[in-house]
Amino acid sequence: MRKLWLVALLFLAVACGGTSSTSASPEQPDGSPTGAEAGHGSPAPASPSGAPSGTPSPVTPAGPTLNPRKVPWESATPAADGRSLDVVWWSGVEPCNVLDHVEVTETAREVTVTLYEGQDRRSPDAMCIAIAILKTTKVQLKAPLDGRKVVDGAN
């Protein structure tokens with residue numbers, strides 16, 4: 001039992017102290033810890049029961065970014081009139097994870113929403129910490145949703 005406590009204390013000391021990182025902007029993370037990235041070697045955020053709580057940070061597309069990639073989203077909630085969607089996803093903070101653009105493809109049966117994120121062109125050498133941030137963006141539709149299925153284009 002004594003060894004277990006020593007190992008726990010050592011782990012705590014290593015986790016809490018020690019190294020600091022510098023970056024162009026200290027509140028910026030390295031990489032996107034989203035569910036999409038989880039399949040590509042990056043850590044995924046905790047499940048909803050263990051996920052950080054709070055209100056998603058609203059963002060608008062800022063592209064073009066460096067190396068844009070598809071990122072999956074968690075939810076797409078239609079507005080009362082059905083003409084827009086509030087899309088929510090897990091990401092990292094800027095400048096390493098910036099919403100580049102959103103592609104929307106509408107058919108009679110479904111609406112496919114694909115989010116793209118990349119690194120801010122103004123900070124190509126930024127070093128960022130890995131932290132999960134919940135983000136949201138509003139997506140306008142050409143026609144009301146009217147019962148069409150909403151599909152994540154990153155999956």
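## Ground rules

Because the model is predicted, local features need pLDDT of at least 70 and side-chain atom pairs count only at pLDDT 80 or more, while totals for chains, interfaces and linings use all residues. Residues are numbered from 1 along each chain as its sequence is written, and side-chain values use heavy atoms, leaving out hydrogens and water.

Let's start with the strands (DSSP runs of E, at least two residues, numbered from the N terminus). Four of them make an open sheet, ordered 1-7-4-3, with mixed pairing. Strand 1 (57-58) and strand 3 (75-78) sit at the edges with a single partner strand each, so one side of each has no neighbour in the sheet.

Across from proline 58 you'll find threonine 136 in strand 7.

## The nonpolar core

A nonpolar core is a set of buried Ala, Val, Leu, Ile, Met, Phe, Trp, Tyr and Cys residues joined through side-chain atoms within 4.5 Å. Buried means under 20% relative accessible area, exposed over 50%, partly exposed in between (1.4 Å probe, protein chains only).

The largest core here has 14 residues, and those touching the most other members include Trp73, Leu85 and Trp89. Strand 4 (84-91) and strand 6 (110-119) each give two or more residues to this core. Beyond four places in sequence, leucine 85 has contacts (heavy atoms within 4.5 Å) that include Val111, Val113 and Leu141.

## Glutamine 119

Glutamine 119 lies in strand 6. Its relative accessible area is 19%, so glutamine 119 counts as buried. Its contacts beyond four places in sequence include Thr65, Cys96 and Asp125.

Methods:
Helix = DSSP H or I, 4+ residues; strand = E, 2+ residues; numbered from the N terminus. Pairing = 2+ DSSP bridges.
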